[in-house]
Amino acid sequence: MANSGAEKLKLYSYWRSSCAHRVRIALALKGLEYEYIPVNLIKGDQFDPVYRFDLQDFKKINPMGTVPALVDGDVVINDSFAIIMYLDEKYPEPPLLPRDIHKRAVNYQAMSIVLSGIQPHQNLAVIRYIEEKINAEEKTAWVNNAITKGFTALEKLLVNCAGKHATGDEIYLADLFLAPQIHGAINRFQINMEPYPTLAKCYESYNELPVFQNALPEKQPDAPSTI
Amino acid sequence: MGKLKLYSYWRSSCAHRVRIALTLKGLDYEYIPVILLKGDQFDPDFKKINPMGTVPALVDGDVVINDSFAIIMYLDDKYPEPPLLPSDLHKRAVNYQATSIVMSGIQPHQNMALFRYLEEKINAEEKTAWITNVITKGFTALENLLVSCAGKYATGDEVYLADLFLAPQIHAAFNRFQINMEPYPTLAKFHESYNELPAFQNAVPENQPDTPSTI
């Protein structure tokens, strides 16, 4: 384990959060041991004992109340992108960015399309808002539209530089963002992947890797037993 | 060497970020306006450059990069002086967090496509309420994040990545969305610091080649 001498990392996570999913992949890739602390994002009357924290208690640790949050000794980092870059800088092997500056730029672009172009339009707060203010059909149309636009852009971006994975035959930053996004699109939003053969092929390659498989929502300690 | 080309829109906060970066790095560039209000982003020639139809886009010889964050990191990789990230690991993490709060937590919820959608599907008041809510949440998070590590700028006395994302966001909050900045004294202080720097002043929406003369 890359960090076996140091105090264990703590990851505040929610099984279904695609943002937490990204960080779980990074931790596994880097061979880092961590304590998985589930945070219940869905407000409910029942307090399921698998969750050590509900949202209000968690806000004492992380005022933003979002997952994931990483605790490394006395350092607390919120936000999946910041956590991943921090991990890459503190534990450089294997590197999450290639050396070539053009390939790096492609990784940053793919990452950003997911981080700011797709995921914000399908997170819980937004979809609840649209469903409440308009209706469920509009919510579905909104999410489908955001994913379609984003996947179209990703397909164009990656079609000429993809290898086994998004930007070649090694796993890089883009893959950590793509895997959860594509997984969610297929499993939660029933997106048809036919227009995106490059993305579909990347997704198949992730399914063959234990580090990606172990990070899946369904495999997490707080995944409902009904999944 | 061929000149850098920046496809930009005067009012785009994403383009604004890149304009600051280019000026900070002392890089000459050709400003090519894409007038979003007129629908220039749907022009087939522009879509060949950027299929997403968004600004900014940077052209560097035969390299085309869309997305403000990717452009800024590319510029920092290719032209390392002055560096846009500090050497300290924790300070870098704070810069990445602030950047992400703006680029994924605030700006996507206040862009033109969303305004139009909310105004069309619900009404103008709802659109305003939504944007105010999004900015409030994001600014609260930024204030919490930066209050104990800010100096003259977001993460000390040097300008770093976080400042490039904060400046356009705060500028818009003051000038476009009439956000009351009283709950965010740290952010308000940055706004004053940025106003003293030519690299930031030259990048503001009001000073661009495509700024409408009525502004």
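User: Which side chains meet in the salt bridge between Arg92(B) and its partner in chain A, and how is a salt bridge defined?

Analyst: A salt bridge is a side-chain nitrogen of Lys or Arg within 4 Å of a carboxyl oxygen of Asp or Glu. Here the side chains of Arg92(B) and Glu89(A) form one, at 2.9 Å from N to O. The count between chain B and chain A is four salt bridges. A note before we go on: this is a predicted model, where local features need pLDDT of at least 70 and side-chain atom pairs pLDDT 80 or more, while totals for chains, interfaces and linings use all residues. Residues are numbered from 1 along each chain as written, chains are lettered from A, and side-chain values use heavy atoms, without hydrogens and water.

User: How many residues are in contact between chain B and chain A?

Analyst: Contact means heavy atoms within 4.5 Å. By that rule, 34 residues of chain B touch 36 residues of chain A.

User: What is the area buried between chain B and chain A?

Analyst: Buried area is the accessible area (1.4 Å probe) that two parts lose on being put together, summed over both. For chain B and chain A that is about 3300 Å², with 70% from carbon and sulfur atoms. Met52(B), Tyr96(B) and Tyr117(B) supply 17% of the area chain B buries against chain A, more than any other three residues.

User: And where do the domains of chain B lie?

Analyst: Domain bounds come from an automatic or database assignment, which gives domain 1 (4-82) and domain 2 (89-200) in chain B. Between these two domains of chain B, about 1500 Å² is buried, and the rule finds zero salt bridges.
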